[in-house]
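Here is a short briefing for a reader who is new to this structure. Look over the sequence and the model before reading on.

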Amino acid sequence: MKQILLILMLLLVAGPSQAAPNGDRLYQDKCEACHGKNGRGGVGVPLSLPAFQRDASDEFLKKTIQHGRPGRVMPAFMNLSEAQLSALIKTLRSFVDQPLKPGKTPATIRGNAARGSKLYAGNCTGCHGAQGEGGKGTGVTFSRPRDAEIIAPSLRNPGFQLAASDKMIWQTLAHGREGTPMPSFLKQGLSEQQISDLVAYIRTLEPRTPTHAMEPVPPFLHAETEDTLEEVLEAVKKAVVAANFRLIRVQKFEQGMVKQDTENPDKIIVYFCNFGLLNKALAIDPRVGLFLPCRLTLVRENDKITLYTMNPETVSGNFNNLELEQLCQQMRATYEAILEEVTL
Ligand code: HEC
Ligand code: HEC
């Protein structure tokens, strides 16, 4: 009996919470679905390439795991303990049999961003986009057979800017990422100073996050009119069609939420869609399905009708994708035109 008690106590003291985290299991649980078995790549870029591992310091890996790449597919894993992060990094390191020696990097990296900007335009835009926004899409387009092209990451992404040191960027530019389309620019004929200029320029790319927006984006767009609900509804239908949308349906706002025939008659929602626009948006990122089709809510209160719609720009703010941002700006302008048309 005493022995059993002793074993029980030992188990309690050295229970599973005390065990060192298992990096392999963490990787299988949290990363493998995207980055593939042993980091071979899949939806996520390969993590097993010796050239990537040479560039990526433990600090870079840790910050990338913790902060992810906001707006791209790479999630942020904010709740991992230091011990779990270390175990994961050890597992990532085990994917490479023979680590490459780091290439030469200058002791201090001092570049001229204006010169870097010209070099960027001449050498990088084709893959990383005119403003460092990365290859087409938000990383979802990484879904691909394993041997398909690896899409260039966004360099203005706040997660990347936070995780990457100047030295890491210098090293990547100078020596390239063998096994991916990213070339070595020393081999392409740039000088060490020109590479430092490029690093300086990349540092000027402002991360695009909602907190960095120049002006706050209102979450809703709205307009008011003193016409009757019936008149406003007819005007909305006309304006929507005139703006090249197809009317999908008109329903009481509360339909399906409360018992039939008890829905508030003063709250109406109009659904409409432009299938060309829809397909364009979905091609950029399937997650925009969250706010499509378009809808407009009409509310009657004190003999006034208020029209509300969600501002598409608040959504694109979460995606950090210039293409989507432009589309959502265009959508906001269209919504505003419809509201104006209806309430003028
Ligand atoms: C839902 C898919 C997904 C999951 C889950 C995921 N990643 Fe990623 N990861 C990506 C994508 C896509 C990228 C490329 C980011 C970009 O396009 O900017 C990426 C990028 C990275 C990078 C940067 C690579 C580089 O070239 O700089 C690291 C490091 C990384 N992931 C590690 C991890 C680890 C470790 C885990 C698990 C804890 C994980 N990822 C989970 C999709 C994922
Ligand atoms: C032919 C296409 C191509 C060109 C041209 C190119 N890149 Fe890349 N670049 C890539 C790809 C693809 C990756 C991702 C490699 C990987 O998965 O490890 C990458 C990775 C990078 C990274 C590391 C990002 C990360 O998340 O780890 C930096 C920094 C970078 N490129 C900067 C540049 C700059 C600056 C130029 C111009 C001087 C340039 N690239 C030119 C395709 C390209």
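The points below go from the overall picture to single residues.

This is a predicted model. The protein has 344 residues, and buried residues make up 42% of them. It contains 15 helices and five strands. Mean pLDDT for the protein is 81.

**Confidence**

- In the protein, 83% of the residues reach a pLDDT of 70 or more.
- Confidence is highest in helix α6 (residues 82–93), with a mean of 96.
- It is lowest in helix α1 (residues 2–13), with a mean of 51.
- The pLDDT is below 50 over residues 10–17, and this stretch has one contact in the model beyond near neighbours in sequence.
- Residues 138–148 also have a pLDDT below 50, but this stretch has 31 contacts beyond near neighbours in sequence.
- Where pLDDT is low, the predicted coordinates should not be read in detail.

**Contacts along the chain**

- Take the contacts in the protein between residues at least 6 apart in sequence: 69% of them join residues at least 24 apart.

**Helix α6**

- The twelve residues of α6 should span 16 Å at 1.5 Å a residue.
- Buried residues in α6 are Leu85, Ala87, Leu88, Ile89, Thr91 and Leu92.
- Their cover includes three other helices: α2 (23–30), α4 (50–55) and α5 (58–67).

**The iron site**

- Two protein donors, His128 (NE2) and Met182 (SD), lie 2.0 to 2.2 Å from the iron atom of ligand 2.
- His128 sits in helix α8 (residues 125–128), whereas Met182 is in the loop between α10 (166–175) and α11 (192–204).
- The site of the iron atom of ligand 2 is octahedral, with angles of 87 to 179 degrees among its six donor atoms.

**Aromatic pairs**

- A search of the whole structure finds five aromatic pairs.
- The ring centres of Tyr27 and Phe95 are 5.0 Å apart, and their planes meet at 75 degrees.
- That angle is over 60 degrees, so the pair of Tyr27 and Phe95 is edge-to-face.
- Tyr27 belongs to helix α2, and Phe95 to the loop between α6 and α7 (113–123).
- These two residues are 68 residues apart, and their pair links distant parts of the chain.
- Tyr27 has a relative accessible area of 2% and is buried.
- Phe95, at 14%, is buried as well.
- Tyr120 and Tyr201 form a tilted aromatic pair, 5.3 Å centre to centre and with 50 degrees between the planes.
- This pair also links distant parts of the chain: Tyr120 in helix α7 and Tyr201 in helix α11 are 81 residues apart.
- Tyr120 is buried, with a relative accessible area of 1%.
- Tyr201 is buried too, at 12%.
- Phe245, Phe272 and Tyr335 are linked by ring pairs into a cluster.

**Around Thr125**

- Thr125 lies in helix α8.
- It counts as partly exposed, at 27% relative accessibility.
- Leaving out residues up to four places away in sequence, Thr125 touches Tyr120 and Ala130.
- Thr125 and Gly135 are ten residues apart in sequence, and their C-alpha atoms are 9.3 Å apart in space.

- Most residues other than glycine have a negative phi.
- Asn38 is not a glycine, yet its phi is positive, at about 50 degrees.
- Asn38 is placed in the loop between α3 (32–35) and α4.
- At 47% relative accessibility, Asn38 counts as partly exposed.
- Asn302 is not a glycine either, and its phi is also positive, at about 50 degrees.
- The loop between β4 (294–301) and β5 (304–310) holds Asn302.
- Asn302 is exposed, with a relative accessible area of 71%.

Conventions
Residues numbered from 1 in each chain as written. Chains lettered and ligands numbered in written order. Predicted model: local features only at pLDDT ≥ 70, side-chain atom pairs only at ≥ 80, totals over all residues. Heavy atoms only, no water. pLDDT = per-residue confidence, 0-100. Helix = DSSP H or I, 4+ residues; strand = E, 2+ residues; numbered from the N terminus. Contact = heavy atoms within 4.5 Å. Expected span 1.5 Å × (residues − 1). Buried < 20%, exposed > 50% of the residue type's maximum accessible area, 1.4 Å probe, protein only. Donors = N, O, S within 2.8 Å, 3.2 Å for Na, K, Ca; no water. Tetrahedral: all angles 85-135°; square planar, octahedral: opposite > 155°, others 65-115°. Phe/Tyr/Trp six-rings, centres within 6.5 Å; stacked < 30°, edge-to-face > 60°.
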